[in-house]
Amino acid sequence: MTSKPAPRRRPRRGRPARENPRGHHAPTRARLVALRILERVQRAGAYADVLLHSQLARSELSVADRAFVTELVYGTLRWRGRLDFLLGRFLDRPLERVEGVVATALRLGAYQIVFHERVPNSAAVDETVACTRAAGAERATGLVNAVLRKLAAKHGDEALPALENDPLGHLMHTQSLPRWVAARWLEQFGPEEAAALAAASTELPPLTVRVNPHQGDAAELIEELRDPFPDARPCHFARYGVVLGRRGNASSLPSFLAGRFTVQDEASQLVVGLLDPQPGEQVLDTCAAPGGKATAIAERVGKSGRVLALDRHPRRLDLVRRAARRLQLGRLEFVQHDATRELGELKPEGGFARVLVDAPCSGLGTLRRNPDARWRVRSGDPARLADVQLALLRQAARAVGPEGALVYSTCTVLPEENEGVIEAFLREATEFAIAPSLAAPDEVRALVDSDGFLRCWPHRHDTDGFFAVRLERRG
């Protein structure tokens with residue numbers, strides 16, 4: 001009696017092969033984790049930062065390997081436009097017609113070849129082939145091997161579109177923007193300004209933190225963090241801001257866990273500077289998660305004040321709650337609420353002294369910090385979001401007390417989500433007016449233009465791209 005041979009098991013997609021009958025080497029764990037994350041971002045529209053946090057938290061990777069995974073994921077997403085252009089030179093079909101996980105593996109390998117100086121080309125090719133096999137696409141390993149070897153040998157000879165004779169191609173393929181964003185920025189800013197903004201949007205953002213003023217000042221924190229961050233310095237504008245450098249992880253430091261500071265971009269800090277909450281005031285934050293601005297407000301109003309933090313998502317509201325607990329802040333209250341709807345009993349008698357609407361937006365001002373957003377946001381999203389933003393402003397305005405202030409902010413640079421929303425709001429709410437630029441708080445006055453709009457730019461201020469305006473109630 002002969003035994004029937006056991007069926008050969010195919011490795012499941014996204015998981016490493018359990019056996020290697022042909023003697024192929026397994027890929028490094030770090031590269032395989034990076035491929036899994038990139039594949040989910042591409043296929044399911046998942047958020048890269050959320051996936052990175054969850055995958056790395058569950059992994060047993062070393063600190064160095066975690067940093068490598070993060071660099072591979074963000075670098076591949078940041079430069080996807082240029083990588084696709086170069087890969088297209090060596091493929092016999094459009095990249096869109098290549099199986100999803102294989103296309104993602106090609107981008108991951110191409111990033112290491114084109115941008116990563118410490119990875120030899122041979123290692124980038126061999127490891128990407130191994131990742132492709134481990135991801136269950138053995139049949140495509142020949143294609144991946146051939147394309148990446150050609151890319152490694154010849155990509156330096158490929159001319160990229162120049163701004164002078166092909167502005168749209170330059171923004172798409174040299175600066176790595178999707179076509180619709182490139183076209184919009186060219187129309188809005190002109191070639192030179194659009195190219196400068198695009199270039200800044202692919203750079204590594206600074207690591208910036210906000211000092212908790214109840215536990216020290218900026219000078220003390222800089223001195224304390226001088227060892228891990230020798231380039232630490234005060235922010236140029238933000239009163240409580242400190243720039244630590246371009247690399248590193250501050251959220252694992254004992255001083256962070258003790259509530260000494262919060263990781264927050266300088267432009268985001270300046271929005272609270274424009275709101276200018278005072279000790280003892282009642283303040284409403286209508287879209288509070290993940291909590292950077294809500295906790296900054298609570299630090300400024302102190303224990304004699306009160307901050308009501310709203311968010312429609314209970315899990316995201318938990319982020320605010322945890323941040324407030326870590327910072328040891330009192331009088332910060334949390335309510336799950338969709339702020340496009342009436343506040344009802346949440347509004348105190350007499351209204352709030354100050355209200356912040358940090359509105360959900362397309363996020364095109366934060367592409368260097370959230371590189372997956374450039375590929376996730378669609379051309380129709382800004383107009384759709386503008387309707388939500390206006391609805392948020394309408395409800396927030398009803399909560400503002402007499403002589404109170406209402407600050408509207410976004411982290412995008414598109415006018416339909418910024419000036420357009422404010423113009424539509426002011427046509428309805430004639431009891432509000434934009435605060436004059438000369439009356440802006442000292443902390444932000446230099447950034448408020450003659451129309452009363454606060455604007456921060458990656459290519460001008462080395463901050464995220466933010467828009468904010470302070471509206472004041474007349475009587």
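Student: How do helix α5 and helix α6 pack, and at what angle?

Tutor: Helix α5 (residues 100–115) packs on helix α6 (residues 121–134) at about 165°, with their axes 9 Å apart. Axes here are lines fitted to C-alpha atoms, for helices over the stretch in contact, and angles run from 0 to 180 degrees between N-to-C directions. This is a predicted model, in which local features need pLDDT of at least 70, and side-chain atom pairs count only at pLDDT 80 or more. Residues are numbered from 1 along each chain as its sequence is written.

Student: Why is α5 called roughly antiparallel to α6?

Tutor: The angle is about 165°, and angles over 145 degrees count as roughly antiparallel (under 35 is roughly parallel, 65 to 115 roughly perpendicular, the rest oblique). So α5 is roughly antiparallel to α6.

Student: Which residues of α5 meet α6?

Tutor: Ala-105, Gly-109, Gln-112 and Ile-113 in α5 meet residues of α6, including Ala-124 and Val-125. Contact means heavy atoms within 4.5 Å.

Student: How do you know how confident the predictor is in the chain?

Tutor: Look at pLDDT, the predictor's confidence in each residue, from 0 to 100. The chain has a mean of 93, and 95% of its residues reach 70 or more. Over residues 1–19, however, pLDDT stays under 50. Where pLDDT is low, the predicted coordinates should not be read in detail.

Student: What makes the chain agree with a compact globule?

Tutor: The globule rule is 2.2 Å times the number of residues to the power 0.38, and the radius of gyration is taken over C-alpha atoms. For 475 residues a compact globule would have a radius near 23 Å; the chain has 25 Å, so the two agree.

Methods. Side-chain values use heavy atoms; hydrogens and water are left out. Helices (H or I, at least four residues) and strands (E, at least two) are DSSP runs, numbered from the N terminus.
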